[in-house]
Structure formats: structure tokens, C-alpha cells
Amino acid sequence: MIIKDLLRQGGLSFSFEFFPPTTSAGFDALYATIGELQPLNPTFVSVTYGAGGSTRRKTVDLVAKIKHELGLESMAHLTCVGATQADLREVLDELVEKKMENVLAVRGDPPRGAARFEPIPGGFSHANELVAYIRANYPFCTGVAGYPEGHREAPDLSTDLENLKRKVDAGAAFVITQLFFDNRYYFDFLDRATASGIRVPIIPGIMPILNVAQVKRFTQLCGATIPSPFLAQLEALDDDDDAAQQYGIERATQQCRNLLANGAPGIHFYTLNRSRSTWKIFENLKMIAPAG
Ligand SMILES: Cc1cc2nc3c(=O)[nH]c(=O)nc-3n(C[C@H](O)[C@H](O)[C@H](O)COP(=O)(O)OP(=O)(O)OC[C@H]3O[C@@H](n4cnc5c(N)ncnc54)[C@H](O)[C@@H]3O)c2cc1C
């Protein structure tokens, strides 16, 4: 089913993001994670696409398996990095063959070591071009990425928002946000998006913390900020992953509760291929009975 219709059904949308593992042990662990999270009845799940198409086969096969064998609606991410239109067409054709219905169209980050994103000849420069290409040639329901704190390369928030609007005007049916730890960024983003005429659902992306070094690395890469009191607490737990994870669960629970109480259409969880934190957050939000 297309995600646009799932979002229109009126209830809240809960989605889980996974990445394709590199090893067969990683795949076994991922299937276990998906099995553990399946009883939470996600609205949909999504699978990321590695830089330069490095996970192409795995992403396509995983979304197909999740949809057809596990019965969960799934969405492949697709990036423009290192891809000509012909390359992108091949991936999109495979997704059609596998009867997939949803795609998250992103530009992708510059390859490691490169200071900026450079389109290749015959490729796309920005995600809005990929969205327009999909709209013109395929039946997919397309989502895009949004940045409550602004994209790292954008000169300012309003230019970034104009660029988000280009993606929506090109045909995106929903937006999933980059992770953030202060809900004021999300609500401000929502107000600005509404004022600029963006009318599609904007689903907040939440990442439960697994360990301190990892969250510092991720936020540095994507340009999200960790509020100072939160960072200070995390740094105090630097050498204790269990305690950091527990603290992350509590913080993410508060964030989700506040988001949902104030009108967010649902939550997209960056699961990092783990089930425990997402499960606990669901329990804390009283969306499932506590274990034991
Ligand atoms: C929910 C989510 C999922 C993601 N999944 C993946 C994934 O699977 N694989 C992966 O590699 N990365 C993924 N990313 C990361 C993403 O690829 C990076 O954030 C990337 O740097 C930007 O992608 P974008 O689609 O937002 O790009 P764009 O929308 O193209 O924006 C990139 C920059 O260009 C500017 N811009 C946009 N359009 C125009 C235009 N027409 N003219 C001038 N400037 C413009 C924007 O303001 C922004 O600064 C994801 C991000 C999010 C939030």
C-alpha cells in the first residue's frame, strides 16, 4: 500500500528504519530485530541505500523480502550519488518488478573524503530532480528528507526550506526529518513549512541513543545538535553503554510523548538495526503492555 494512503487513514504512523548489514551474521541479527519489532505493527519500515549504490542489491532484496515474506509495508531509500539516470532507472525498474510501492528519494552525502557533492554526468544534482524523474516515469509514492535544523550545506534555514518545497512541488507525498534532540526545532520547522505552503505530513525522525561516541559521530555528520545539558549527562555516561542507552530511552520517550501530544503525525525511528530501545519506548508510551 502506498504510504500516502497509510498516512491518510487517520491514526498515528510509526515506522522503523534499518540499514543493510555487510555480513551474513549481520543479516541474521537484522532478521531477529525485525521479528522482535514486528509485533509493534509498524505502519511501514524503510531500508537505507549505501553511498554510491554500494548496497543496491541488498536494499532492493531486503525491502522485497520484508514486504512479501514478512507482510510489512516497506520502502527503499534511493540516492543520486554516483548514479546516472540510466543507473537509477535500473534500480527503479527492479523495484517495480518486485512490486514495491514506496521510495524515499534522497540526494546522498558526498563520498568519503570529498568536500562537496558533485553530480556525475547524466546524473542528478538535487533530490527534487530525482523526485520529478520518479513522478514522471513511475507509479511510486515518494517521500523526501527534511532538516529541522537546516541541511549542513544550506546557507540558511529559509533557503533550505525553499529547497524542501521544491521536492514537495515535484511530487513528494511526505517528509521524514533528520534526527533532532530538541523538539523546538521540529515545531519551528513545521510552522515554517506550513507558512511556506508545504501541506504534506512531516514525520519526525527520532534516534534512540546506543552509545555516546556513536551519537556524537552521527550528529557531527548530519549537523544536528545535542542540547548541552543532555550532552553533559551523556558524557558522564561515556564508559557505560547500558546506562547511556537507558538514558537515551528516557529522553527519546519524553521527546516522542511531547511530539505526539502536540500534533506530530507519528514517529520514524532510526533503529540502528536494534530492537530494544524502540520496544522500550513503545512500552513507555503505553502502546504495548509492559513485559513480564
Ligand atoms: C530520512 C532520511 C533518510 C536518509 N537516507 C539516506 C540513505 O538511505 N542513504 C544516504 O546515503 N543518505 C541518506 N540520508 C542522508 C542524505 O542523503 C543527506 O542528508 C544528503 O546530504 C542530502 O540529501 P537530500 O535528499 O536532503 O538532498 P537535497 O534535497 O538535494 O538537498 C541537499 C542540499 O542542497 C540544497 N538544495 C536542494 N535542492 C536544491 C536545488 N534545486 N537547488 C539548489 N540547492 C538545492 C539543500 O538546501 C541542501 O542544502 C537520509 C537523510 C534523511 C533525513
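Predicted model: local features only at pLDDT ≥ 70, side-chain atom pairs only at ≥ 80, totals over all residues.

Visitor: How many strands are in the barrel, and in what order do they run?
Guide: The closed barrel has eight strands, in the order β1-β2-β3-β4-β5-β6-β7-β8, and the pairing is parallel. From one strand to the next, the twist averages 30 degrees.

Visitor: What joins β4 to β5?
Guide: Strand β4, residues 102-106, runs parallel to strand β5, residues 141-146, and three bridges join them. N102 stands opposite C141 in β5.

Visitor: And where does helix α3 lie?
Guide: Helix α3, residues 56-68, lies across β2 (44-47) and β3 (74-79), and runs at about 165 degrees to β3.

Visitor: Turning to the ligand, which residues come nearest?
Guide: Of the 24 residues around the ligand, the nearest are T48, H77, R107, A127 and A145. Two or more residues of the shell come from each of β3, β4, α5 (127-137), α6 (157-169) and β6 (174-179).

Visitor: Which element gives the largest share?
Guide: Helix α6 does, with four residues. By class, the shell holds eight nonpolar, ten polar and six charged residues.

Visitor: How do α10 and α11 cross?
Guide: The axes of α10 (residues 241-261) and α11 (residues 276-284) come within 9 Å and cross at roughly 45 degrees. Helix α10 is therefore oblique to α11. The crossing of α10 and α11 is right-handed.

Visitor: Which residues make that contact?
Guide: Helix α10 contributes Q245, G248, I249, A252, T253 and C256, while α11 contributes S277, K280, I281 and N284. Four of the residues in this contact are nonpolar, five polar and one charged.

Terms used: Residues numbered from 1 in each chain as written. Pairing = 2+ DSSP bridges. Axes fitted to C-alpha atoms, helices over the stretch in contact; angles between N-to-C directions. Contact = placed C-beta atoms within 7 Å. Near = placed C-beta within 6 Å. Nonpolar A, V, L, I, M, F, W, Y, C, P; charged D, E, K, R; others polar. Parallel < 35°, antiparallel > 145°, perpendicular 65-115°, else oblique. Left-handed = near helix turned anticlockwise from the far one by under 90°.
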